[in-house]
Amino acid sequence: MSSNTQKPVLIIGGSGVVGSRAAKTLRRLQPELPITLGVRDVGKAQSLARELGGAEAMTINLERQDLGLPESAAFSAVVVLLKDDSLNSMKYAQAKGVPYVSFSDFVFDIGPAVARYIQHPTRSPVLLLGHFLGGTVTLATLHFAREFRRVEAIEISAVFDEDDVGGPAARGDTERVTKAVPNPLLLQDGKFRWAQGDDATREFVGVDGTKWRGRAYPLLDVVSLAAATDARTVRLDFAVREAASSPSGQGVSHEVIIELTGEREDGTTGRVRHEITDADVHSGLSARGVALAVERLLGLAGGPPVAPGLHHPEGLLSPAYVVERLKDFGARIRRASPQLEG
Ligand SMILES: NC(=O)c1ccc[n+]([C@@H]2O[C@H](COP(=O)([O-])OP(=O)(O)OC[C@H]3O[C@@H](n4cnc5c(N)ncnc54)[C@H](OP(=O)(O)O)[C@@H]3O)[C@@H](O)[C@H]2O)c1
């Protein structure tokens with residue numbers, strides 16, 4: 001359980017679209033846990049800090065190895081909710097021997113952090129959490145996969161509203177992917193491929209029956225799910241709903257469809273479909289994933305504090321626990337099977 005003597009969790013980017021939601025979720029889960037919002041504009045973050053209680057805002061300078069923080073500063077974890085090209089935030093966490101969470105690294109981005117971890121493997125637990133919706137989708141998928149003895153294929157689809165783009169940091173990352181990295185990673189018939197042309201798109205049926213053509217996206221879920229199951233096909237495709245076609249009066253919403261094919265315990269082959277919908281911007285679920293991960297890393301839920309190591313969310317969190325929490329937080333999760341198409 002948390003105590004007043006616990007050092008604060010440093011959430012760099014804690015005042016952003018994801019960060020403010022992550023901080024609020026963490027506060028809801030851990031009323032006593034001190035939180036420091038690490039930002040450039042402290043003025044903007046201070047009202048959130050007051051709203052949270054037990055929180056303060058501090059200026060962060062990612063250009064410096066000490067992050068521009070006083071020498072006396074001490075944290076229980078460093079969570080970075082923006083792309084830190086310098087990795088100074090990771091160096092800082094390793095120097096202090098505290099858990100580190102990276103949240104904005106795509107599958108092609110993780111080399112530098114992995115190398116830094118390999119260099120100092122015993123200093124900190126390092127969580128690579130650049131997964132779709134803060135790891136919650138990979139964990140939900142693994143939960144749903146439990147009805148199979150062997151999983152053959154995992155196809156994840158998502159529909160976002162055009163307006164649901166996150167803050168400036170998220171928009172910058174999307175632009176980075178679009179410009180600099182043309183091909184998404186898939187596992188296709190047992191082989192990892194950087195998909196091109198038609199292979200990078202896939203048709204799927206949305207929650208309300210709408211047909212979508214999605215495009216694969218280079219998030220870490222593909223490698224996590226490929227490593228955690230024996231699936232020969234794993235992919236994740238996004239479609240964007242134009243503002244004009246959003247269901248009227250419903251505001252922003254998004255949906256995730258998880259389709260699994262495999263062999264059941266009784267030896268029959270089957271395909272199931274699960275749907276997750278949530279009424280908040282997509283960053284809401286992402287933020288909940290961050291909060292659950294921080295709680296776990298610190299040993300405030302699900303087991304003792306996590307030891308130094310290189311981690312993905314599925315190695316830390318119980319899939320069943322995460323699905324229960326998501327329901328508590330208001331996400332709607334529905335099993336819609338058998339799925340006949342395909
Ligand atoms: N893994 C996932 O599930 C997932 C999901 C959604 C988004 N993301 C990623 O999460 C990140 C945040 O997205 P967002 O929509 O929350 O963006 P955002 O609203 O622009 O938030 C960015 C936050 O970072 C702070 N910040 C920006 N540059 C900084 C710097 N150089 N030093 C210190 N603080 C800085 C901002 O405060 P100041 O302006 O005051 O500095 C703000 O608090 C993006 O990288 C996005 O790609 C990941």
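Trainee: Which residues does Glu263 touch, not counting residues up to four places away in sequence?

Mentor: First, the ground rules: this is a predicted model, where local features need pLDDT of at least 70, side-chain atom pairs count only at pLDDT 80 or more, and totals for chains, interfaces and linings use all residues. Residues are numbered from 1 along each chain as its sequence is written, and side-chain values use heavy atoms, without hydrogens and water. Contact means heavy atoms within 4.5 Å. On that basis Glu263 touches Phe148, Arg149, Arg150, Thr268 and Thr269.

Trainee: Is Glu263 buried or exposed?

Mentor: Glu263 sits in strand β13, residues 254–264. Helices (H or I, at least four residues) and strands (E, at least two) are DSSP runs, numbered from the N terminus. Buried means under 20% relative accessible area, exposed over 50%, partly exposed in between (1.4 Å probe, protein chains only). Glu263 has 18%, so the residue is buried.

Trainee: Which side chain makes a polar contact with the side chain of Glu263?

Mentor: A polar contact is a pair of N or O atoms within 3.5 Å; within protein, one must be able to donate a hydrogen and the other to accept it, and residues adjacent in sequence count only if both atoms are side-chain atoms. For Glu263 the distance is 2.4 Å, and the partner is Arg149.

Trainee: Which backbone oxygen does the side chain of Ser124 reach?

Mentor: Ser124 lies in the loop between α4 (111–119) and β6 (125–128). Its relative accessibility is 0%, so Ser124 is buried. Beyond four places in sequence, its contacts include Gly97, Tyr117 and Pro308. At 3.2 Å, its side chain reaches the backbone oxygen of Ala93.

Trainee: Which strands stand at the edges of the open sheet of seven strands?

Mentor: Two strands pair if DSSP finds at least two bridges between them. The order is β3-β2-β1-β4-β5-β6-β15, with parallel pairing. Each edge strand has a single partner, so one side of each is left without a neighbour in the sheet; these are β3 (55–59) and β15 (309–311).

Trainee: Which residue in the turn between β8 and β9 has a positive phi?

Mentor: β8 (residues 185–188) and β9 (residues 191–194) are antiparallel, with four bridges. Leu185 has Trp194 as its bridge partner in β9. The two strands form a hairpin with two residues between them, and the phi of about 50 degrees belongs to Asp189.

Trainee: At roughly what angle do the axes of α1 and α8 cross?

Mentor: Axes are lines fitted to C-alpha atoms, for helices over the stretch in contact, and angles run from 0 to 180 degrees between N-to-C directions. Angles under 35 degrees count as roughly parallel, over 145 as roughly antiparallel, 65 to 115 as roughly perpendicular and the rest as oblique. α1 and α8 are therefore oblique to each other. Their axes come within 8 Å and cross at roughly 50 degrees.

Trainee: Which residues of α10 make the contact with α8?

Mentor: The axes of α8 (residues 282–297) and α10 (residues 319–328) come within 11 Å, crossing at roughly 130 degrees. That makes α8 oblique to α10. From α8 come Leu285, Leu292 and Glu295; from α10, Tyr321, Val322, Arg325 and Leu326.
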